[in-house]
Amino acid sequence: MDSNALTPDVLRELRTPRPYPAVTLTMPTHRRERHKEQDTVRLRNLLTEAGHRLDADPGLDRHTRTAVRQQLADAVAEVDLRHALDGLLLAADAGEHRIWYLPREVPERVVLADTYLTRNLVAATAQSRPYWVLGVAADRATLWSGSGESLYEHHGDGFPMTPPEESWDVEREERVGDTPSTFRDEETRRFLRSVDEAAGAVLARRPRPLHLVGLAPALALLREAGHATHRAAGRLVKGGLTDGPAPVLLREVGPLVAEHARRELAEVLTRLDEAKGRRTFAAGLDEVWESVREKRARLVALEEHYRRTVRVCDGHLVPVDGQSAASPDVRDDIVDELVEAGLDGGAEVVFLPDDTLAGHDRIAAVLRY
């Protein structure tokens, strides 16, 4: 499963306490074929480690232990490393298993708890910069979910949409002498108004940049008909893409997505500079971590490949090198933990190109106060 499919409802369900043990396996993977054998061996070793951990837990009965081991084995059997990105996350309990391919490197670990570990999944989703594409025509509207190199059609929330069966106005045709223009017809206006409302409902639940695709008359009428799509991040004036296909649509909207990323970078850097002048600025892992824990962070900006292993001492983060995360006071995925905590606290989290924040220890924040 792509991290792009992490909806608020799915995340809420993953965090729901469940009968112990809920097992989470994470490991870094490689996109290139020549490393797939290495990934396969590492995955098998993780499965073995999980089995040992289950066997060593005196609180587990035989039935539960066997059921969880079977779910983990089924998950590993279903993993297709040809689709691997930069990380892999497997989640399993006695009754289910799930697989996530992540566009972000994650540490190698096995966690047994009463809920699944979500911090790596949340951070990977944020880094992938998910967006929506709304394809509009006079008689059809489709919604597409995109992130990174993936794009797929969203089925649900009323999409794909088509107008209701249109009744033919015979008297008007006799009076005017022709059929009404598609883009002047009131039925079309009502249809596009409903498209705007449906898109607005999706954006309210899952806020992302929205890009519009369609012929100029359709886009103009959509703007007149509603208001939810007025603040679209980009517009592509081109017909014939309402139904994709996905690879073609992904290629066509690529420049829009890239331009939005450039605008976002400039905007974030401006906000950071302005925060310095107002003294609502934090930089460095420990300062940002503290502001996130206190829910004072309005914006957290960090570099895409920033990782740090730390020890937590008296509420502060002390960087460490070459120490195992098995030590109880050492955390090797603290950046992902910070991202998750920031989002939970209502902060906007933005990933920037590497070296953008070199002067601020790779991470900075705009504070609320």
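Residues count as buried under 20% relative accessible area, as exposed over 50%, and as partly exposed in between. The legends below describe close-up views of a predicted model.

**View 1. A salt bridge joins aspartate 243 and arginine 140.** The side chains of aspartate 243 and arginine 140 meet with a nitrogen-to-oxygen distance of 2.7 Å. Aspartate 243 sits in the loop between β9 (234–237) and α8 (246–278), whereas arginine 140 belongs to strand β6 (residues 140–147), and the pair thus links distant parts of the chain, 103 residues apart. With a relative accessibility of 46%, aspartate 243 counts as partly exposed, and arginine 140, with a relative accessible area of 24%, is partly exposed too.

**View 2. Arginine 109 and aspartate 333 form a salt bridge.** In this pair, the closest N and O atoms are 2.8 Å apart. Because arginine 109 lies in strand β4 (residues 109–113) and aspartate 333 in the loop between β14 and α10 (334–344), the contact ties together parts that are 224 residues apart in sequence. Aspartate 333 is buried, its relative accessible area being 1%, while arginine 109, at 22% relative accessibility, falls into the partly exposed class.

View 3. Lysine 276 is partly exposed, with a relative accessible area of 37%. Proline 247 is also found in helix α8, and at 59% relative accessibility proline 247 counts as exposed. The C-alpha atom of proline 247 is separated by 36 Å from that of arginine 308, a residue 61 positions away along the chain.

**View 4. Salt bridges link five residues in a network.** The members of this network are Glu13, Arg18, Asp93, Glu96 and Arg98. For the model, the count of salt bridges comes to 33, taking as the criterion a side-chain nitrogen of Lys or Arg within 4 Å of a carboxyl oxygen of Asp or Glu.

**View 5. Helix α9 has buried residues on one side.** In α9, which spans residues 285–293, the residues Leu285, Val288, Trp289, Ser291 and Val292 are buried. These residues cover an arc of only 165 degrees around the axis, which means that they lie on the same side of α9. An α-helix has 3.6 residues a turn, so residues three or four places apart point the same way. The helix α9 is followed by lysine 295, which has a positive phi, near 60 degrees.

**View 6. Strand β12 pairs with β13 and with β14.** Strand β12 (residues 310–313) runs antiparallel to strand β13 (residues 316–319), and the two pair over four bridges. Together β12 and β13 make a hairpin with two residues between them, and in the turn aspartate 314 adopts a positive phi of about 55 degrees. Strand β12 also pairs with strand β14 (residues 330–331), again in the antiparallel sense, over two bridges. Arginine 311 can be followed across both pairings: the bridge partner of arginine 311 in β13 is valine 318, and in β14 arginine 311 stands opposite valine 330.

Conventions: Residues are numbered from 1 along each chain as its sequence is written. This is a predicted model: local features need pLDDT of at least 70, side-chain atom pairs count only at pLDDT 80 or more; totals for chains, interfaces and linings use all residues. Side-chain values use heavy atoms; hydrogens and water are left out. Two strands pair if DSSP finds at least two bridges between them. Buried means under 20% relative accessible area, exposed over 50%, partly exposed in between (1.4 Å probe, protein chains only). The arc is that of the directions from the helix axis to the C-beta atoms.
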